Amino acid sequence: MVKKGFLVIIAMVLGLSVDGWARRDVGLNRSAQVELDLRLKIAVFLFLQIGSPGRVVNMVRFNVTDIPENQPLVEGDFSPTIKIKSNVGKFASISLTVDSSNPLMGKSAKMPLKVISFEGIGDFSGIKGTLDGSPNQKIASFPGKSKKQGSFRFFYHNTYNYPPDIYRGSITFTLSFP
């Protein structure tokens, strides 16, 4: 405490103040430039990219030929790349859900997504299942601080004799945390 008071007295004796120093260094009609070192800390973020970046809609199509039921699986023709990045906390978790409530459409028939299974590739390997046709099916959970990249392959089980056609539709992925 004594040292702080002593420094203030010395500055007053010399006739200096912070305002005086600024005027002497800059002058009355000049400008000053000050460099600031700002660090922005983003506490929480989620990033999810499905397929190609930009305004491209990636399609997975199933070309069902005239084969009897219960024959080999029909694989979709595309496996979209999926990227996930998150920083929602060390002890939190994030969930990847899918909306598969809308059926695939062919020219003459609808195919419910309940007959489509999926299998993860890359960082998603080990994740397997069948779409259940619900709007909010949880397919995976990850730690709150994650960085994953991979894709999913989709298969038609061929459990029903759908007419030969190319069936198209969509599913929506959502990344969230509680």
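Tutor: The account below begins with the pairing of strands through their side chains and then turns to other sites.

This is a predicted model, in which local features need pLDDT of at least 70 and side-chain atom pairs count only at pLDDT 80 or more, while totals for chains, interfaces and linings use all residues. Residues are numbered from 1 along each chain as its sequence is written, and side-chain values use heavy atoms, with hydrogens and water left out.

The aromatic residues come first. Four aromatic pairs are present in the structure; rings of Phe, Tyr and Trp (its six-membered ring) pair if their centres lie within 6.5 Å, and planes under 30 degrees apart count as stacked, over 60 as edge-to-face and the rest as tilted. For F118 and F152 the ring centres are 5.9 Å apart and the planes stand at 80 degrees, so this pair is edge-to-face. Because F118 belongs to strand 8 (residues 116-122) and F152 to strand 11 (residues 145-156), the pair ties together parts that are 34 residues apart in sequence. Helices (H or I, at least four residues) and strands (E, at least two) are DSSP runs, numbered from the N terminus. F118 and F152 are both buried; buried means under 20% relative accessible area, exposed over 50%, and partly exposed in between (1.4 Å probe, protein chains only). Ring pairs join F118, F124, F142, F152 and F173 into a cluster.

Two salt bridges are found in the whole structure, a salt bridge being a side-chain nitrogen of Lys or Arg within 4 Å of a carboxyl oxygen of Asp or Glu. One joins the side chains of E119 and R153 (3.6 Å, N to O). Since E119 lies in strand 8 and R153 in strand 11, this pair ties together parts that are 34 residues apart in sequence. E119 is partly exposed at 22% relative accessibility, as is R153 at 26%, whereas K128 is exposed, with a relative accessible area of 60%.

Strand 11 also contains G150, which is buried, with a relative accessible area of 11%. The C-alpha atoms of G150 and D123 are 5.3 Å apart in space, although the two are 27 residues apart in sequence. Apart from neighbours within four places in sequence, G150 is in contact (heavy atoms within 4.5 Å) with P80, T81, I82, I121, G122, D123 and F124.

Q49 lies in strand 1 and is buried, with a relative accessible area of 17%.

A further interaction involves K85, which lies over the face of F47, at 5.5 Å from the ring centre. A charge sits over a ring if NZ of Lys or CZ of Arg is within 6 Å of the ring centre and within 35 degrees of the ring normal.

Finally, V34 is placed in the loop between helix 2 (18-26) and strand 1 (45-50). V34 counts as exposed, at 64% relative accessibility.
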